[in-house]
Amino acid sequence: MTHEIIDIVEAYQKAKEKGLKTVLASVVDLKGSSYRKPGVRMLILEDGNMIGAVSGGCVEKDILRQSQSVFQTGISKMMHYDGRYRLGCEGILYILIEIFQPSDNFINSFNNTIKNRLKFTINSHYAFEEKEHLEIGTFFEFENKNYSVSSKNIPDREELSLFTQAMPPCFKLMIFGAEHDAVQLCQLARFNGWEVTVISGPLESKSIDNFPGACAFYSVSPDALELKSIDDQTAIVLMSHNFANDLKYLIELKDTRPVYLGMLGPTKRREKIISEFLEYCPDVDEAFLDLIYGPSGLNIGAETPQEIAISILSEILSVTREKTPMPLKEKIGRIHS
């Protein structure tokens, strides 16, 4: 959900330039079940526009109405939303609504954290009672320093509850290849909120303009790749449609540890690439080989480039969330544990 926080901060900066106040709504607790879970947030602008969502769309109008007093007084408040009688979700949402007016130091620290792919923490101090509260509020922790979203001091009251959320770096997808199917994968991944980097060969006449949604584009030979930013929040897909290039990419990637490494093409192609890869790199760590998924994607009958992109993204999600794909109607118990 890091990308949602990025969207909120960017929207706040644009609103500030227009002279508009903003309010942050955070789901900090839940009793029962709901469409989304604690930790989801949305930003409300003074002109009524909203960035993000805390539900499927049913709660937002009530939050907008409740936020008006916060705009007027600047005092934070707690809101309850009982979905048992309105939605059939059998859950009660506890929502913290507060002024969002972070300092310049907050913005600078946030931007540095995102740029350097560092983890951070969000702490929300809240009360269960549905009313205005002077001391409740949210604080972001960047590199062991706390920053309030509204210039408040950290409260020291035992009766307040605390919701803590660890935020990883924004999930990143690296696409090695610049053909039409890579464009589709790039667009869908960006739609999912991921950072997308595209790597093409130096002889291909492509640029970042050919890949809507891409955050970065590099046209380099395999041995000139910069791989230091690959971490456990990075997925990689090799889809250059060139056997030799994919082999070279795999050799250069051997010392990295992404969370997922997919290869396009049939099983025989994968086996041939890995066989030749092992001839070049016989001492490679087995942990690296365990990361390789090929053919990349889930077996959902995908045929078109768009469908193949969906199947690849679905497999990446299942791997990163450690879930075995199955129809939800066959799942016993709740959707989310």
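Let's start with the sulfurs: the count of disulfides here comes to 0. Keep in mind that this is a predicted model.

A disulfide would need the two sulfur atoms within 2.5 Å.

## Buried or out in the open?

How do the cysteines sit in the model, buried or exposed? Cysteine 170 has 6% relative accessibility, so it counts as buried. Cysteine 281 is buried too, with a relative accessible area of 7%. The cut-off for buried is under 20%. Cysteine 215 has a relative accessible area of 43%, so it goes down as partly exposed.

## A look around cysteine 215

Where would you find cysteine 215? Look in the loop that runs between strand 11 (195-200) and strand 12 (216-219). Its C-alpha atom is separated by 5.8 Å from that of threonine 197, although the two residues are 18 residues apart along the chain.

Which residues does cysteine 215 touch, if you skip its neighbours within four places in sequence? The answer is Arg190, Glu195, Val196 and Ile208.

## Helix 5 against helix 6

Now for some helix packing. Helix 5 (residues 243-252) packs with helix 6 (residues 267-280) at an angle of about 50 degrees, and their axes are 10 Å apart. That angle makes helix 5 oblique to helix 6. Their crossing is right-handed.

On the helix 5 side, the contact is made by Phe243, Asp246, Leu247, Leu250 and Ile251. Helix 6 brings Arg269, Lys272, Ile273, Glu276, Phe277 and Tyr280. Sort the residues of this contact by class and you get 7 nonpolar, 4 charged and no polar ones.

## Helix 1 against helix 3

Here's another pair to find on screen. Helix 1 (residues 2-17) and helix 3 (residues 104-115) have axes 12 Å apart and pack at an angle of about 140 degrees. Because of that angle, helix 1 is oblique to helix 3. An angle has to be over 145 degrees to count as roughly antiparallel. The crossing of helix 1 with helix 3 is left-handed.

Which residues make the contact? From helix 1 they are Thr2, Ile5, Ile6, Val9, Tyr12, Gln13 and Lys16, and from helix 3 they are Asp104, Ile107, Phe110 and Ile114. By class, the contact of helix 1 with helix 3 splits into 7 nonpolar, 2 polar and 2 charged residues.

Key
Residues numbered from 1 in each chain as written. Predicted model: local features only at pLDDT ≥ 70, side-chain atom pairs only at ≥ 80, totals over all residues. Heavy atoms only, no water. Axes fitted to C-alpha atoms, helices over the stretch in contact; angles between N-to-C directions. Helix = DSSP H or I, 4+ residues; strand = E, 2+ residues; numbered from the N terminus. Parallel < 35°, antiparallel > 145°, perpendicular 65-115°, else oblique. Left-handed = near helix turned anticlockwise from the far one by under 90°. Contact = heavy atoms within 4.5 Å. Nonpolar A, V, L, I, M, F, W, Y, C, P; charged D, E, K, R; others polar. Buried < 20%, exposed > 50% of the residue type's maximum accessible area, 1.4 Å probe, protein only.
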